[in-house]
Amino acid sequence: MSRSQDRRFPFAKIVVILAAALGIGIGLCGLDYWLAAKGIGKSTEEFGVGPLDSLSLIVMLLSAAGLALALIAWAIAAIFRSLRSGPEGDAPQKLFDSETRNDDQE
Amino acid sequence: MIPIGSHPAWHPVLETLAYATGFAVYRVLRARKGDLVAEPQRWTVLAAAAVGALVGSRLLGVAEQWPTVAEAWRSGQTLRLLVAPGGKTIVGGLLGGWLAVEIVKKLAGIRRRTGDLFALPLCVGIAVGRIGCFVAGLADDTYGKPTRLPWAVNLGDGIGRNPVQIYEILFLVLLGIAVSIRRPLPEGARFRIFMAGYLSWRIAIDFFKPQPLIAGMNLIQWSCLVGIAALALDWTLTRKGLHEQIAG
């Protein structure tokens, strides 16, 4: 992947989407209670098995795995970018894009 | 006593709506008021906030029910507890997100205060999410202690309870107005007003929730106290700079 390509690759957006998916997956237990109340599957007692536990587990595992992979890939891409650009004098190396707007641009 | 019942199926729906609404408000604010940082840096900050919030929310959410954790540990079911659905808390999300953003900003060399754009979206998102907590009733661990007040709610067990989630929604409306004040404020002040306000509120309102206590307060209240101490330290360290901005 070229430098311009990995700059364009939307790691941050992917991470945000996967984190939201994982958050929603963890919160699916509400539907679990509802289904159990309708007689579908077992009632969720403490950390027992509810009707939607397998679905929320799949959502949680897939999004968690995706999130971990995206974070690792992002870190590797950032390290490579940092190594390619090389140290600039005594200035600290930056792992991520760090252009902030100047005050006169606000 | 006002009959409400428990409708947990609405919780995930309103939680999803809370994320979407908060993000929509953030987009509108950013479009109207502009941003201190460029788009890629803003997404980096958002990603840090999302991951930090997720981790913090889950860790504190599980730890909050520490008697259950202790029981799971004794019976060798800790892993099962960790992957079980449910068990997140807003305070853990806020503190985890804030910490992660500060770490990533340090790594990325972002020196501007980036939290102001999140203050109002957080107020709106949490308020929408709290509607879900309220209608979820007894299935959610956020209900209030029994009370004989005329506006007590019956969540399905025949006991009148403090509608603590409704109190919180009303508080968030006020906090939302406070952080949206038009007067120019120093960079980062709106986010710090939000954090100080919300964490202080949680210390107070959680006394009305039946949670396991440690030395008189629950784990969320202790975490709020740590968060407020961090805010005070941050304010003390940057006070000189903030005063210069006000004067400027």
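Predicted model: local features only at pLDDT ≥ 70, side-chain atom pairs only at ≥ 80, totals over all residues.
Modeller: Residues are numbered from 1 along each chain as its sequence is written, and chains are lettered from A and ligands numbered from 1 in the order in which they are written.

Colleague: What is the mean pLDDT of chain A, and which of its elements have the lowest and highest values?

Modeller: pLDDT is the predictor's confidence in each residue, from 0 to 100. Chain A has a mean of 72, and 57% of its residues reach 70 or more. Helices (H or I, at least four residues) and strands (E, at least two) are DSSP runs, numbered from the N terminus. Over residues 1–6 of chain A the pLDDT stays under 50. It is also below 50 over residues 102–106 of chain A.

Colleague: What is the secondary structure of chain A?

Modeller: Chain A has 4 helices and 0 strands, in the order α-α-α-α from the N terminus on.

Colleague: Why is B:Gln221 called buried?

Modeller: A residue is buried if 20 or more other C-beta atoms lie within 10 Å of its own, exposed if 12 or fewer, and partly exposed in between, with C-beta atoms placed from the backbone. B:Gln221 has 21 C-beta neighbours inside 10 Å, so it counts as buried. This residue is in helix H9 (residues 219–247) of chain B. Contact is defined by C-beta atoms, placed from the backbone, that lie within 7 Å. Leaving aside neighbours within four places in sequence, B:Gln221 is in contact with B:Arg202, B:Ile203 and B:Asp206.

Colleague: Is B:Ala215 buried or exposed, and what makes it so?

Modeller: B:Ala215 has 5 other C-beta atoms within 10 Å, and is therefore exposed. B:Ala215 lies in the loop between helix H8 (189–205) and H9 of chain B. Its phi is near 50 degrees, a positive value in a residue other than glycine. Most residues other than glycine have a negative phi.

Colleague: How do you know that H2(A) and H2(B) are roughly parallel or antiparallel?

Modeller: Axes are lines fitted to C-alpha atoms, for helices over the stretch in contact, and angles run from 0 to 180 degrees between N-to-C directions. Angles under 35 degrees count as roughly parallel, over 145 as roughly antiparallel, 65 to 115 as roughly perpendicular and the rest as oblique. H2(A) and helix H2 (residues 39–64) of chain B pack at about 25 degrees, with axes 8 Å apart. The two are therefore roughly parallel. Residues making the contact include A:Val16 and A:Ala19 of H2(A) and B:Ala47 and B:Ala50 of H2(B).

Colleague: What are H1(B) and H6(B) called, and why?

Modeller: The axes of helix H1 (residues 10–33) and helix H6 (residues 116–136) of chain B come within 8 Å and cross at roughly 165 degrees. That makes H1(B) roughly antiparallel to H6(B).

Colleague: Why do strands E1 and E3 of chain B count as edges?

Modeller: Two strands pair if DSSP finds at least two bridges between them. The open sheet has 3 strands in the order E1-E2-E3 (chain B), with mixed pairing. Strand E1 (2–3) and strand E3 (160–161) of chain B each have a single partner strand, so one side of each is left without a neighbour in the sheet. E1(B) pairs with strand E2 (residues 153–154) of chain B in the parallel sense over 2 bridges.

Terms used:
Contact = placed C-beta atoms within 7 Å.
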